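Biologist: Please put the model on screen, and then we can go through it by question and answer.

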Amino acid sequence: IEVNRKTSDGTIINLRKDGTTVGSIGVADSGDRIYLGGSSANRGIAIDSSASVVIPSTNSGGLADALIGLGTSTARFTELFLSSSLRLTDSSNTHKYSITSLSSDALQFYDTTANAERMRIDSSGNLLVGKTSSDSGTAGLTVFSSGYLAATLASNASAQFRRNTDDGDIVKFLKDSTTVGSIGTIGGDVFIASSPSGHKGL
């Protein structure tokens, strides 16, 4: 079957249920876009050959920005396969992020508005914030997949621990599941305490 619409863009095939139009297939954007439209104004999907993309569309092939979802809470897709990046924007399309699988097998979280990387997970499963290498000598935060934590900062403190309201422990140290010591505050002073009986503190 060949169906041909001449001259202008628009509907090529109407789809009907008991005489009522429920959808249509047509062309838009000077023939560069083929669409499948529903009966409601902003319920369609289109293939844009000029940009090589699948896009949400109106029921006449126009652009339908941020109006159509992919799946629902009770009708979910199992997997989504992407070969490059996942791009995210806010509701006004002004602040943009991308999540990209890099050639180094790292997963990069990038702020495209500020043109800056915010964090990455490297090929070893380490979380890097403010840096692109897990080297502990490089400024930034590394949470190693082994559980080790490295925070590095030039010319300033590399960590801050705060306890509000009352005196007590600020940091606790454990061996396996047993607390062996702590650093805290009492009366505006700092103390270093050892938990096992017979051991001393400062």
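Modeller: A salt bridge is a side-chain nitrogen of Lys or Arg within 4 Å of a carboxyl oxygen of Asp or Glu. This is a predicted model, in which local features need pLDDT of at least 70 and side-chain atom pairs count only at pLDDT 80 or more, while totals for chains, interfaces and linings use all residues. Residues are numbered from 1 along each chain as its sequence is written, and side-chain values use heavy atoms, with hydrogens and water left out.

Biologist: How many salt bridges does the rule count?

Modeller: Side chains of opposite charge can pair when their charged atoms come close. With the 4 Å limit between nitrogen and carboxyl oxygen, the count of salt bridges is 7.

Biologist: Which strands hold aspartate 48 and arginine 33?

Modeller: The side chains of aspartate 48 and arginine 33 meet in a salt bridge, 3.3 Å from N to O. This pair links distant parts of the chain, 15 residues apart. Strands here are DSSP runs of E with at least two residues, helices are runs of H or I with at least four, and both are numbered from the N terminus. Aspartate 48 lies in strand β4 and arginine 33 in strand β3.

Biologist: Is aspartate 48 buried or exposed?

Modeller: Buried means under 20% relative accessible area, exposed over 50%, and partly exposed in between, with a 1.4 Å probe and protein chains only. Arginine 33 has 10% relative accessibility and therefore counts as buried. Aspartate 48 has a relative accessible area of 7%, so aspartate 48 is buried.

Biologist: Which residues are linked with Arg33 in a network of salt bridges?

Modeller: Arginine 33 has aspartate 48 as a salt-bridge partner. The network also takes in a further aspartate. The residues linked with Arg33 are Asp29 and Asp48.

Biologist: What is the relative accessible area of aspartate 18?

Modeller: Aspartate 18 forms a salt bridge with lysine 17, at 2.6 Å from N to O. Aspartate 18 counts as exposed because its relative accessible area is 70%.

Biologist: How far apart are the closest N and O atoms of lysine 175 and aspartate 176?

Modeller: Lysine 175 is exposed, because its relative accessibility is 53%. Aspartate 176 is exposed as well, because its relative accessible area is 67%. The two residues form a salt bridge, and their closest N and O atoms are apart by 3.0 Å.

Biologist: In what order do the 5 strands of the open sheet run?

Modeller: Strands of a sheet pair through backbone hydrogen bonds, either parallel or antiparallel. Two strands pair if DSSP finds at least two bridges between them. In this sheet the pairing is antiparallel, and the order is β1-β2-β3-β4-β5.

Biologist: Which are the edge strands of that sheet?

Modeller: An edge strand of this sheet pairs on one side only. Inside the order, β2 (residues 20–28) is joined to β3 by 6 bridges. The edge strands are β1 and β5 (53–57).

Biologist: What is the bridge partner of serine 24 in β3?

Modeller: Strands β2 and β3 run antiparallel. In β3, serine 24 has as its bridge partner glycine 37.

Biologist: What is the relative accessibility of isoleucine 34?

Modeller: Isoleucine 34 is found in strand β3. Isoleucine 34 counts as partly exposed because its relative accessibility is 43%.

Biologist: Which residue in the turn between β6 and β7 has a positive phi?

Modeller: Strand β6 (residues 85–89) and strand β7 (residues 96–101) pair in the antiparallel sense over 5 bridges. Within the pair, leucine 86 stands opposite isoleucine 99 in β7. The hairpin has 6 residues between the strands, and the one with a positive phi of about 60° is asparagine 93.

Biologist: Where is serine 40 found?

Modeller: Serine 40 counts as partly exposed because its relative accessibility is 38%. Its C-alpha atom is separated by 10.0 Å from that of serine 60, 20 residues apart along the chain. Serine 40 is found in the loop between β3 and β4.
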